[in-house]
Amino acid sequence: MEQRETARRTAAAIADRLASPEDLRGTALKQGWWPQSLAHGAVGVALLHIERARAEEGPWQRAHDWLACAAAGGAVGGPDAHLYYGAPALAFALHSAADRPGRYARALATLDTHVAALIRQRLQAAHARMDRGRELPELAEFDTIRGLSGLGALLLHRDTDPTLVEDVLTYLVRLTEPVKYDGEALPGWWSHLGPSGKRSPDYPEGHGNNGVAHGIGGPLAMLALAARRGITVGGHEEAIKRILSWLDGWQQDGEAGPWWPYWITRDRLRTGEPGPGPSRPSWCYGTAGFARAQQLTAMATGDHDRQRRAETALLRAMTDPGQRAAIVDLSLCHGFAGLAHITQRAAADAITPGLAECLPELLAPITDTAPERLVSTLCGPADGGDIGLLEGAAGTALALHAFSVGGPALSGWDTCFLIG
């Protein structure tokens, strides 16, 4: 069977398994039953059914049922809310489902009010921290998953509050300004925490995180995507240059192609040693995420040389058996689904040949598995499955659907990854 048709059928089989919240309630899940989680819960599953319904591949009722499940009991707000959880996640999904004027308009207007208040509170706290001049940021202040880069992605998705988008961009510009801490010059995004987002004895002096999910790759992508829409603020170009200069300084050119360390400790900053690598070339950390962020930046700034270098880095990573062997799951976050989807998005924009030809091999670990077996593996293994977008069945199905149709997402579901 032709691979695109296999992908379509497999995506449909996963969607059928995730047809109703009632069918999954009580199932053993790694992350538990977490309805308002875009990453692991009902919001992520809703996105799968929304995209399929918009493509006339599935019924709208499934999307409505999962959205109702996610919204039951009211939206979660406050300090725990972010793009991947609570009111912002619900707003992201409802906007994706609003395929005609007026659909979900009242709910979206209410959520917009809460989300805007949340973002303003986050911005106020971040600027106050920087004004004090003696504190380093937590990753959750600025990253894609929990921070202001992700909330900025939601604002771009909604496209209803350009002033607030500019406020987020102004903060990200300020974040890139160098700081002095303990008498040492550091990039403004250097965190006093470990990569887990918590204090760690293994990172007594913190670290500089490069990842798209939790590091400076997220702000870079946000700045680039906004610029591509013609939305810029004072210092925008300089901020992009500062981040690119940092990444260029840590780029390693190995036998398997360019790669970047996931993060830099203070000891490595002093010695210039990047640590071992390359590691798995995923979206969250790794060459796939780094390369796409730089490709987007190059397109925003008209830098064709950088665009070719970024695309070449992605191409070499996707064709290197050693790096592909480091991928051990099927997820969007750090698995084959994510590699395939980023490569498909990058190939659509590329001025470098060869990326689209990587897709069959990247998807083979998924499409070579019988749909029934794959569904069982993703949704119901003995140690618990994951139904969500980031590491679970819904995300894998969305990547398969995207490959099967060969075009951009109708719902914009992948904008929450800041990849386009």
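**Aromatic pairs and a covered helix**

W66 is buried, at a relative accessible area of 0%; buried means under 20% relative accessible area, exposed over 50%, and partly exposed in between, with a 1.4 Å probe and protein chains only. The model is predicted, so local features need pLDDT of at least 70 and side-chain atom pairs count only at pLDDT 80 or more, while totals for chains, interfaces and linings use all residues. Residues are numbered from 1 along each chain as its sequence is written, and side-chain values use heavy atoms, leaving out hydrogens and water.

The whole structure holds 12 aromatic pairs. Rings of Phe, Tyr and Trp (its six-membered ring) pair if their centres lie within 6.5 Å; planes under 30 degrees apart count as stacked, over 60 as edge-to-face and the rest as tilted. The rings of W33 and W66 have centres 6.3 Å apart and planes at 45 degrees, so this pair is tilted. W33 belongs to the loop between α2 (21-24) and α3 (42-54) and W66 to helix α4 (residues 60-71), so the pair ties together parts 33 residues apart in sequence. Helices (H or I, at least four residues) and strands (E, at least two) are DSSP runs, numbered from the N terminus. W33, at 30% relative accessibility, is partly exposed.

Helix α8 (residues 148-158) is mostly covered, with 11 of its 11 residues buried. Its cover includes α6 (105-132) and α9. Helix α9 (residues 162-175) contains V173, and V173 is buried at 6% relative accessible area. Leaving aside neighbours within four places in sequence, V173 is in contact (heavy atoms within 4.5 Å) with residues including L223 and H236.
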